[in-house]
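Q: Could you give me a close look at one part of this model, and then walk me on from there through the features that go with it? I'd enjoy one connected account.

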Amino acid sequence: MTQTLRPLNVGELLDRTFSYYRRHFVLFVGIAALPSLFGLILHLWQLDAARRGTGTAGATLWGLATFVVFLVASTFSQGATVVAVSQIQLDRDANIREAFASIWQQLGELLVLALNIGVRVGVGLLLFIVPGIFVWLKYSVAVPVAILEQNGVSASLSRSRDLTKGRRGRIFAICVLYAILILVASMIWQVPAMLIGGRMVADAARLGQVPAAAQVVVQFGSFVTQSVVSPIATIALTLVYYDERVRREAFDLEHMMRQIDGASAGPLPAA
């Protein structure tokens, strides 16, 4: 059933977020898991390389490769999730392959956008944390803007700033709840892992190093947690994007259909 586009309060936004997540759990977790799987494989290779000894230069290269893979995977996954949420809003079929295919041509631009935001937020965090949080809130819907409105990096940042103006408090509230969810999900995995691996950890303390099996458990747990939890924030922020357009621009389903179909078709050729 197509959801009505109307202004939503924080409670309604969260309710719709978790409703979409529950009803399309396999879709969203699959979108998050496929790119993250490459990161998991790379981490495991890194652990094996470290065990065999790669030196400082090798460790640096592994660290750089891991960062690049994480950036590409998280950006690709976030973009595909935005597309999937938009299709669900219109009561259209959404699948993993089409969600990834629809943003493939925009991946480079999205990576530049992610790096741009990351640098701004990083600088802000160095300035006593609060400025970094404010910067992130200001650009929190830049990715949906870039994908759905086919804007460039600068235009997406500016558009996100305008759409979130005066509404950043509720975005912050959503993010706080998401952070709590991440913490709880991590504990759900880590506590049993610690109990099961208690013997290994005790042995590691005596030997002065963490055994490879324990490191694999940690990496796998991180992969599972990321795959299961990370889609929730993107779903919520995509709904925030649509909600702000409804409030500010009387955005409706007809506009939405034209926008999504236009985004799927890619930029229009120049006249």
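A: Let's start with Gln-150, which is partly exposed at 27% relative accessibility. Here buried means under 20% relative accessible area, exposed means over 50%, and partly exposed falls in between (1.4 Å probe, protein chains only). Please keep in mind that this is a predicted model, in which local features need pLDDT of at least 70 and side-chain atom pairs count only at pLDDT 80 or more, while totals for chains, interfaces and linings use all residues. Residues are numbered from 1 along each chain as its sequence is written, and side-chain values use heavy atoms, with hydrogens and water left out.

Gln-150 sits in the loop between helix H7 (142-148) and helix H8 (153-164); helices (H or I, at least four residues) and strands (E, at least two) are DSSP runs numbered from the N terminus. Although Gln-150 is not a glycine, its phi is positive, about 55°. Asp-91 also has a positive phi, about 60°, without being a glycine. You will find Asp-91 in the loop that joins helix H3 (55-89) to helix H4 (96-103), and with a relative accessible area of 46% it is partly exposed.

Now for the aromatic rings. Rings of Phe, Tyr and Trp (its six-membered ring) pair if their centres lie within 6.5 Å; planes under 30 degrees apart count as stacked, over 60 as edge-to-face and the rest as tilted. That rule gives 4 aromatic pairs. One of them is the edge-to-face pair of Tyr-21 and Phe-25, at 5.5 Å centre to centre with 75° between the planes. Tyr-21 is buried at 9% relative accessibility, whereas Phe-25 is partly exposed at 38%. Tyr-241 and Tyr-242 have ring centres 5.1 Å apart and planes at 65°, so this pair is edge-to-face. Tyr-241 is buried, with a relative accessible area of 0%, and Tyr-242 is buried at 1%. Phe-76, Phe-100 and Trp-104 form one aromatic cluster.

A nonpolar patch of about 760 Å² has residues including Leu-125, Phe-172 and Val-184. Patches are made of residues with over 30% relative accessible area and no salt bridge, with like charges joined within 9 Å and nonpolar side chains (Val, Leu, Ile, Met, Phe, Trp, Tyr) within 5 Å; a salt bridge is a side-chain nitrogen of Lys or Arg within 4 Å of a carboxyl oxygen of Asp or Glu. Helix H9 (residues 168-196) supplies the largest share of the nonpolar patch, 6 residues. Val-184 lies in helix H9 and is partly exposed at 40% relative accessibility.

Terms used: Accessible areas come from the Shrake-Rupley method with a 1.4 Å probe; for residues, only the protein chains shown count as cover.
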